[in-house]
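Hi,

Please find the structure below.

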Amino acid sequence: MSMEVHLSILMLIGVACFVASSSVEATPKPRVTAMFIFGDSLSDPGNNIYFIRTTTKANYWPYGIDLDQGPTGRYSNGKLFVDFLGELLGLPLIPSYADTNAKGVDILSGVNYASAGAGILEDTGYLFGRVIPLREQIDNFKTTLNQLRDRMQTEDLSDYLAKAFVFVDMGANDYLNNYILPMLYKSSHTYSPQQYADLLIKLYTGYISQLQNLGLRKFFLAEVAPIGCIPAVMLKSHAPPGECDDSSNNLVQMFNSRLKSLVYRLNSDNPGSVFTLGASFQMFIDLRDNADAYGFKVKDKACCGIGRSEGRKPLCVPNAEPCFNRDEYLFWDEAHPTQAANQIFAHRTFDNTSYCYPISIQRMIEM
């Protein structure tokens with residue numbers, strides 16, 4: 001994510017919602033028919049590595065150093081939040097859309113369409129070259145849907161889609177790799193922060209409606225995590241060392257407040273569907289503020305990249321030597337969490353309405 005810093009990692013978290021305690025075991029029987037994932041680098045399992053014009057890729061060592069498959073394109077040392085979430089849902093590892101096309105990987109358990117650097121706006125992240133914005137990710141889902149129609153009767157497909165779990169984590173890059181880069185994008189010169197948040201939510205609402213019209217019914221919509229707390233942003237901030245950049249966090253909170261209102265409105269207007277909000281912002285803040293309690297000794301520097309070179313390298317570069325105590329770091333690189341953090345995020349929120357509301361994921365999948 002190169003500065004995808006979304007990614008914000010959003011952080012990290014960007015994401016956010018599934019299972020209450022680390023004692024919960026992965027369910028042997030799937031709780032849902034499938035999982036369909038739309039997002040950015042926090043969720044990208046390798047879709048970007050198929051686009052050679054893209055500079056935001058993570059298909060080299062030491063990315064994936066703690067993953068059985070090795071480097072796959074995931075922006076982490078191991079599994080992503082959605083990987084752990086899938087386990088809790090009783091599903092196998094959800095394949096990338098690219099792999100379903102290039103390698104013929106089966107699509108019945110779901111597909112991951114996420115793309116590092118992507119956003120809600122079409123031009124977000126294009127400083128990297130080629131990314132897959134939310135609109136195009138939905139177009140890719142339509143292709144998958146056509147493939148499913150060839151394998152199921154209409155009634156069976158409708159039931160399958162209605163019981164599938166939809167994960168959406170978008171918006172961080174629309175700030176990290178768009179609005180807060182005034183030398184590269186005109187958005188901050190064109191829109192006030194409030195107008196920009198309104199624009200993003202308007203487009204986002206339309207995209208969610210498209211997915212619902214295609215038959216999906218159970219939606220988890222993640223907030224944008226506090227991008228002002230990721231190493232890449234903190235390094236450039238005027239805030240005291242170790243402190244988050246409040247200006248960046250305040251920007252994304254404008255989006256988050258509108259997203260929360262949208263979730264309640266969608267539930268009210270669509271009685272046949274269910275929407276829940278992943279409170280990624282507060283979840284990450286809570287984890288950061290209580291890092292020691294979760295076993296993290298380093299919360300403001302990266303294990304690979306910034307954490308080792310004090311900012312002289314933008315990301316975890318090929319063959320870089322990462323920290324050896326990776327489970328003690330909150331961040332793997334300048335913008336993305338470690339596998340240890342991703343696992344905590346997933347297990348911390350499954351049935352916890354403090355980070356998932358108006359209902360928990362557990363309650364949603366039982367409906």
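Helices here are DSSP runs of H or I, at least four residues long, numbered from the N terminus. The model is predicted.

First, a single residue. N256 sits in helix α9, which covers residues 246-269. Is N256 buried or exposed? Its relative accessible area is 2%, and the cut-off for buried is under 20%, so N256 is buried.

What surrounds it? Leaving aside neighbours within four places in sequence, N256 is in contact with E223, V224 and F281. The side chain of N256 also makes a polar contact of 2.9 Å with the side chain of Q253. N256 and A197 are 59 residues apart in sequence, yet their C-alpha atoms are 8.7 Å apart in space.

Next, a helix pair. Two packed helices are described by the angle between their axes and the distance between the axes. Helix α1 spans residues 81-88, and helix α12 spans residues 339-349. They pack at an angle of about 45 degrees. Their axes are 8 Å apart. That angle makes α1 oblique to α12. The crossing of the two helices is right-handed.

Which residues meet there? From α1 come F81, F84, L85 and L88. From α12 come Q339, N342, Q343, F345, A346 and H347. By class, the contact of α1 with α12 has six nonpolar and four polar residues. No charged residues take part in the contact.

Best wishes

Note on methods
Residues numbered from 1 in each chain as written. Predicted model: local features only at pLDDT ≥ 70, side-chain atom pairs only at ≥ 80, totals over all residues. Heavy atoms only, no water. Axes fitted to C-alpha atoms, helices over the stretch in contact; angles between N-to-C directions. Parallel < 35°, antiparallel > 145°, perpendicular 65-115°, else oblique. Left-handed = near helix turned anticlockwise from the far one by under 90°. Contact = heavy atoms within 4.5 Å. Nonpolar A, V, L, I, M, F, W, Y, C, P; charged D, E, K, R; others polar. Buried < 20%, exposed > 50% of the residue type's maximum accessible area, 1.4 Å probe, protein only. Polar contact = N/O pair within 3.5 Å; in protein donor to acceptor, adjacent residues only side chain to side chain.
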